Structures are given as structure tokens and as C-alpha cells.
Amino acid sequence: MFALWVGSAPARAVVPNAQKIAEAVATTNQAARRTVPLLLEVSLKIGDRAPVAAGMLATHPTGLARLELRSNSGFVERHLLQGSDYTASRDGELLQTPRPFLPPIFFLQTGSGAALQAALTSFGVPASEVVLGIADDRDCYVLGGRLPRGPDGKERRLPSLWVDMDSYEVVRIDRRDGVRFRFGPSRMFDGIRAPAWIAIEAPDQDPARLEILRVVPADAPASAFGSDWLLSRENP
């Protein structure tokens, strides 16, 4: 149990165990009709600038995702996520230090608590540890734990999954390398509930943001998420 201060007196709050939270997240994913392969039409903004690229993001509930971005400058970037393995290419050539434009949306697609906890473990998140936190003014359960701020007041990040305490929607994912994905409020896209936007924060980089324009079910077998697609210069 955790002590929460209300006025001048402490109140006690019972925090569910990680398994119950994972199961509630999976139920929310099912109700949102996200537990199937999905195709998202997106636009990419960096900093305060107008969109710099448009793209299509395919995501599979088993832990696979791919993103093709066509920049306003004419080049094409492809980003591939296979569990925790992240690779990217530009015009068919591998990038050594790609920017993390592809979020692990499959955490919003897992259809069971066991699948969610397995995905967390693969991302280095201690799936059994739960604390409380606030993300974008939303009270959250934090799977994976948190660290207190340093002496300089700077936040120290742990790999973690932040879940809204009321809706059980995933609202934030922190990677072990300090990259953070923040999921905006949900909206309906032709019967599928998904975030309206996804903010991407990486150390020493301008913030980026994917605006979600359309979401539809995808005909995307697991075989479609391979390195052949990543290195190809042809349209998928």
C-alpha cells in the first residue's frame, strides 16, 4: 500500500498487483478493437515546425511494427521494430543512429495480461513492480517502478509502462535508453479507439510527434515485418 496525502492527513491507497493491471490493460485493448494488426496513416512533426513527412505505420500485436516515412525533401525512411530490436534505413541504406520515430504501439494491442507482461520483460521492464505516478496530469500505475529525482531536480528514467488508473489506457512508455513515448487522448477511427497523437522525446533531440490521421485493420502477417522490406527501395 502507498500513502497519499489529502490535505493535511494521509490516506491509504491499495495498488493492484501487476498481473491485475496487465489484465485490465488487455481488456481495455480488446474493447478498443486494437488487438488485431493495424495500419495507421500518420504525419510527422519535429519541434514547432510544420509536418516534415507523411507515412504509414503497420503494427502487429505480437510485438512487430514498421513505419515508412516519405519526407518533404524526397527521401524515404523505413523503421522496423521487432520486439526490442530497432533498425531503420534511408533510401535502402541502413542508418547507424536512427531517430526513434516508431513507437511500440503493440503494447496497446496485447489481448491478454500474460502477453503484456511478456512484452514488458522483453523491453527490460520489471513487470511485477508497480508504483504510482502522474503523467500529463493523469494519475497512473507505473509498471516497472520510478526513481526519485536527482539532487539537481532532474528526472531519472527507468524502463516503464504508465497506465491511466481510471481508463487503463497506456499513456506513456519509457525505454531503457531514455527515450519516452507519450500517447495523446483517445479518439475513434472508424470503430477503433486509438491515440490522436504520439509524442516522441529522446535525449539531446528536438521533440517529435506523430499525428494519427487514420486507423484501419491491416492485412499484415508477421512475415511482412522483415529486413527485406527495410532494405528494399521499392514500394511495399
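Which residues are linked in a network of salt bridges?

Guide: The model before you is predicted, and its chain averages a pLDDT of 91, with 93% of the residues scoring at least 70. The network you ask about links Asp136, Arg157, Arg182 and Glu201 through salt bridges. A search of the whole structure finds 14 salt bridges, and several others deserve attention.

Consider Arg34 and Glu169, whose side chains meet in a salt bridge with an N to O distance of 3.0 Å. Arg34 belongs to the loop between α1 (18-31) and β3 (38-46), while Glu169 belongs to the loop between β11 (160-164) and β12 (170-174), so this pair ties together parts that are 135 residues apart in sequence. Arg34 counts as buried because its relative accessibility is 2%, under the 20% cut-off. Glu169, at 6% relative accessibility, is also buried.

Another salt bridge joins Asp174 to Arg180, with the closest N and O atoms 2.8 Å apart. Here, too, both Asp174 and Arg180 are buried.

The pair formed by Glu68 and Arg70 has its closest N and O atoms 3.4 Å apart. Glu68 is buried, with a relative accessible area of 10%, whereas Arg70 is partly exposed at 40% relative accessibility.

One caution concerns residues 1-12, over which pLDDT stays under 50. Where pLDDT is low, the predicted coordinates should not be read in detail.

Terms used:
Residues numbered from 1 in each chain as written. Predicted model: local features only at pLDDT ≥ 70, side-chain atom pairs only at ≥ 80, totals over all residues. Heavy atoms only, no water. pLDDT = per-residue confidence, 0-100. Contact = heavy atoms within 4.5 Å. Salt bridge = Lys/Arg side-chain N within 4 Å of Asp/Glu carboxyl O. Helix = DSSP H or I, 4+ residues; strand = E, 2+ residues; numbered from the N terminus. Buried < 20%, exposed > 50% of the residue type's maximum accessible area, 1.4 Å probe, protein only.
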